[in-house]
Amino acid sequence: MSVLTDRFGREHHDLRISLTDRCSLRCTYCMPADGVPWLARSTMLSTEEIIRVARVGVEHGITGIRLTGGEPLLRVDVVDVVSRLTALDEAPEVSLTTNALRLPALAAPLRDAGLARVNISLDTLDRARFQQLTRRDRLVETIAGIAAAEAAGLSPIKINAVAMRGVNDDEVVALTRFAVERGYQMRFIEQMPLDGGHTWDRVQMVTQAEILERLSAEFTLTEVASRGPAPAELWYVDGGPATVGIIASVTAPFCGSCDRLRLTADGQLRACLFSEAEVDTRQILREGGTDDDLADAYRRCLAGKKAGHGIGEPGFHQPDRPMSAIGG
Ligand code: SAM
Ligand code: SF4
């Protein structure tokens, strides 16, 4: 088996598949208030097509698949997608990133379909803030979704929060406590320039250093050694076993060990969140292409992968697609 390797020698084992660009929330760091022009249904990959692209990836060394979006649980056949992915030969570990709103209905069927675990986005524990931040009054449902994931045994549960100045940066300790008390892992994400409204401002960004300072005032943090290709750097909280993570994509990029590829809901392979180039698998799929043609699409995608995302460097250009249409 030939592993998908780029020109810098990075082997790629992780595929993020966006199941839809649609979403039930409108988080300010991701989507504009009115949403974005949705992908036309006809351009979106069918389940059959997704499974085929994924299978070719698995045959070339992909061992982990994360389903994302938009909101992946809005895709009506999400349970079927999971069961077909986990039924592949050399079955990959399948996980999912979600806003949790549909987990009360779907957590148990997803577990039964073979889903290994979930990452859940929760940026605040305050209802008014949640409404301001996501532009929807749905905090109570989100918390219920997290509980449903736990009840279904989808562990470990990781909770993701994008830290934002003057919005939720004063909740870093409260969110960590919420997670630690329930046996979840809290992870803070530095905000990246991927919002649909193109309003990201580096000066306003809450950095890893600031998050650590706030956490250290309340907890004893001890660094966990060796994170491998994982984006989050981890610290034991008060001696462990609970850990808290920070994904410092901007101030401490981890591109050198990146093993990730992305497939958008309309079938475009991307080597990086910030890629300007995409390789079209949909055309290959719909024009009778072979599995070798798909494997070649993966290779062409990786051939253009840059050493790093380049945020902050001269010439950096925010991708035209917002995060919701790439798949985080
Ligand atoms: N809807 C699901 C959710 O919110 O978990 C899955 C898709 S969402 C795009 C995936 C992750 O990307 C979430 O954890 C979200 O917080 C994160 N995200 C979105 N926009 C971001 C940005 N501009 N910077 C950093 N993280 C972002
Ligand atoms: Fe939707 Fe997730 Fe983007 Fe929020 S971060 S708008 S939940 S896709």
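Is Ala-100 buried or exposed? Keep that in mind; the tour comes back to Ala-100 below.

**Before you start**

This is a predicted model, where local features need pLDDT of at least 70 and side-chain atom pairs count only at pLDDT 80 or more, while totals for chains, interfaces and linings use all residues. Residues are numbered from 1 along each chain as its sequence is written, chains are lettered from A and ligands numbered from 1 in the order in which they are written, and side-chain values use heavy atoms, with hydrogens and water left out.

**Stop 1: the ligand**

Now look at polar contacts with the ligand, pairs of N or O atoms within 3.5 Å. Pick Ser-121: an N or O atom of the Ser-121 side chain is 2.6 Å from a ligand 1 oxygen. Go to Gly-70: a backbone N or O atom there lies 3.0 Å from a nitrogen of ligand 1. Then take Glu-71: a polar side-chain atom of Glu-71 is 3.2 Å from a nitrogen atom of ligand 1. The protein covers 95% of the 550 Å² of accessible area that ligand 1 has on its own. Those areas come from the Shrake-Rupley method with a 1.4 Å probe.

**Stop 2: the sheet**

Switch to cartoon. Strands are DSSP runs of E with at least two residues, and helices are runs of H or I with at least four, numbered from the N terminus.

Follow the open sheet of twelve strands, in the order S9-S10-S11-S8-S7-S6-S5-S4-S3-S12-S13-S14, with mixed pairing. Two strands pair if DSSP finds at least two bridges between them. At the edges sit S9 (221-223) and S14 (279-280), each pairing on one side only. Zoom in on S6 (residues 117-121): three bridges join S6 to S7, and the two run parallel. Ile-120 has Ile-159 of S7 as its bridge partner.

**Stop 3**

Most residues other than glycine have a negative phi, and most peptide bonds are trans. Select Ala-100, in the loop between S5 and helix H3 (103-112). Its phi is near 80 degrees, a positive value. Ala-100 is buried (under 20% relative accessible area), at 0%. Next, Arg-135 lies between helices H4 (127-134) and H5. Phi of Arg-135 is positive too, about 60 degrees.

Move to Pro-156, in the loop between helix H5 (139-151) and S7. A cis peptide bond joins Ser-155 to Pro-156, with omega about 0 degrees. Gly-240 and Pro-241 are also joined by a cis bond, with omega about 5 degrees. Pro-241 is in the loop between S10 (233-237) and S11 (243-247).

**Stop 3: the cysteines**

How many disulfides are there? The count is zero, a disulfide being a pair of cysteine sulfur atoms within 2.5 Å. Select Cys-258: its closest cysteine sulfur, in Cys-272, is 6.7 Å away, too far for a bond. For Cys-272, the nearest cysteine sulfur is that of Cys-255, at 6.3 Å.

Note on methods
Polar contact = N/O pair within 3.5 Å; in protein donor to acceptor, adjacent residues only side chain to side chain. Buried < 20%, exposed > 50% of the residue type's maximum accessible area, 1.4 Å probe, protein only.
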